[in-house]
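Look over the chain below before reading on.

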Amino acid sequence: MTIRDDQKEKRRQEILYAGLSLFIQKGYSGTTIKDIAGVVGMSVGLLFHYYASKEELYLTLVELGIEGPMSSVQPTQMEPMIFFEATAERILSYIHTEPFVAKMFVLMHQAYYSEDVPASVKERLAGFDVYTPTAAIMQKGQALGSIRPGDPMALSIAFWSAIQGIAETLAMHSDMPCPNARWITDIIREQSKQ
């Protein structure tokens, strides 16, 4: 990769960061390309060399927001409780040290529930399901006795909702302490194992 390529990639990242912050503060409709260009100190015309439209920039962010969680719940040979401990620890570490990650949780929540996002985003989100693969891992853990009894889908919802809530809180209040990952995994842990 050349220096020019590095500089171009750095500018793309700056645009993504600025767009993310503005989208979660002002919403999709309330954010303009001019707003984003102003934050990164470039002209609107130059910004269009990086992203053809506001919709493309937003969709790029949503794609990143789908990719991260989905890559976390791929089938694994790890013991399920160890898997969930490692996953929670990794995600909370990113949320605590990388404000971008915490803000992505906010954006994804808004994108999913907001009516003002483009149809292309809604179409892409229609297939986003982190709960079903998580529930399959929960079932495996229940069979092994490390995950508490209960509906695997409900346990999956509890796990991801705890992470979502922490991410949203830290996105808005970065000076607050990050909870311990074990507190999240204790929600799903078989009580005799606690």
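What covers the buried residues of α9? The cover includes α4, α5, α6, α8 (131-144) and α10 (181-188). Buried means under 20% relative accessible area, exposed means over 50%, and partly exposed is in between (1.4 Å probe, protein chains only).

## Basis of the model

This is a predicted model: local features need pLDDT of at least 70, side-chain atom pairs count only at pLDDT 80 or more, and totals for chains, interfaces and linings use all residues. Residues are numbered from 1 along each chain as its sequence is written, and side-chain values use heavy atoms, with hydrogens and water left out.

## The chain overall

The chain has 10 helices and 0 strands. Helices (H or I, at least four residues) and strands (E, at least two) are DSSP runs, numbered from the N terminus. The C-alpha trace spans about 60 × 35 × 30 Å along its principal axes.

Of the 194 residues, 40% count as buried. Take the contacts (heavy atoms within 4.5 Å) with a separation of 6 or more: residues 24 or more positions apart account for 68% of them.

## Helix α9

α9 has 21 residues. Its first and last C-alpha atoms are 31 Å apart, close to the 30 Å expected at 1.5 Å a residue. The expected span is 1.5 Å times one less than the number of residues. D151 caps the N-terminal end of α9, with a side-chain oxygen 2.7 Å from the backbone nitrogen of M153.

The buried residues of α9 include L155, F159, W160, I163, I166 and L170. A158 also sits in α9. A158 counts as partly exposed because its relative accessibility is 27%. The C-alpha atoms of A158 and I187 are separated by 7.4 Å, although the two are 29 residues apart along the chain.

The 19 residues of α4 should span 27 Å at 1.5 Å a residue, and its end C-alpha atoms are 28 Å apart, which agrees. Among its buried residues are L57, L61, G65 and P69. The buried residues of α4 pack against α1 (3-30), α2 (33-40), α5, α6, α7 (119-126) and α9.

P75 lies in the loop between α4 and α5. It has 76% relative accessibility, so P75 counts as exposed. P75 and T134 are 59 residues apart in sequence and 9.0 Å apart in space, C-alpha to C-alpha.

## The largest pocket

On a 1 Å grid over the protein atoms alone, a pocket is an open set of points where a 1.4 Å probe fits, with protein on both sides within 12 Å along at least five of seven lines; lining residues have an atom within 4 Å of a point. The largest pocket holds about 850 Å³ of space. It is lined by 26 residues, and G65, P69, F105, M108 and F128 lie nearest its centre. α4 (54-72), α5 (80-97), α6 (99-113) and α9 (152-172) each give two or more residues to the lining.

Which helix gives the most to this lining? It is α6, with 8 residues.

## Q13 in helix α1

Q13 belongs to helix α1. Q13 counts as partly exposed because its relative accessibility is 32%. The C-alpha atoms of Q13 and N180 are separated by 29 Å, and the two are 167 residues apart along the chain.

Key: Grid points are joined across faces, edges and corners, and a volume is the space filled by probe spheres set on the points. A polar contact is a pair of N or O atoms within 3.5 Å; within protein, one must be able to donate a hydrogen and the other to accept it, and residues adjacent in sequence count only if both atoms are side-chain atoms.
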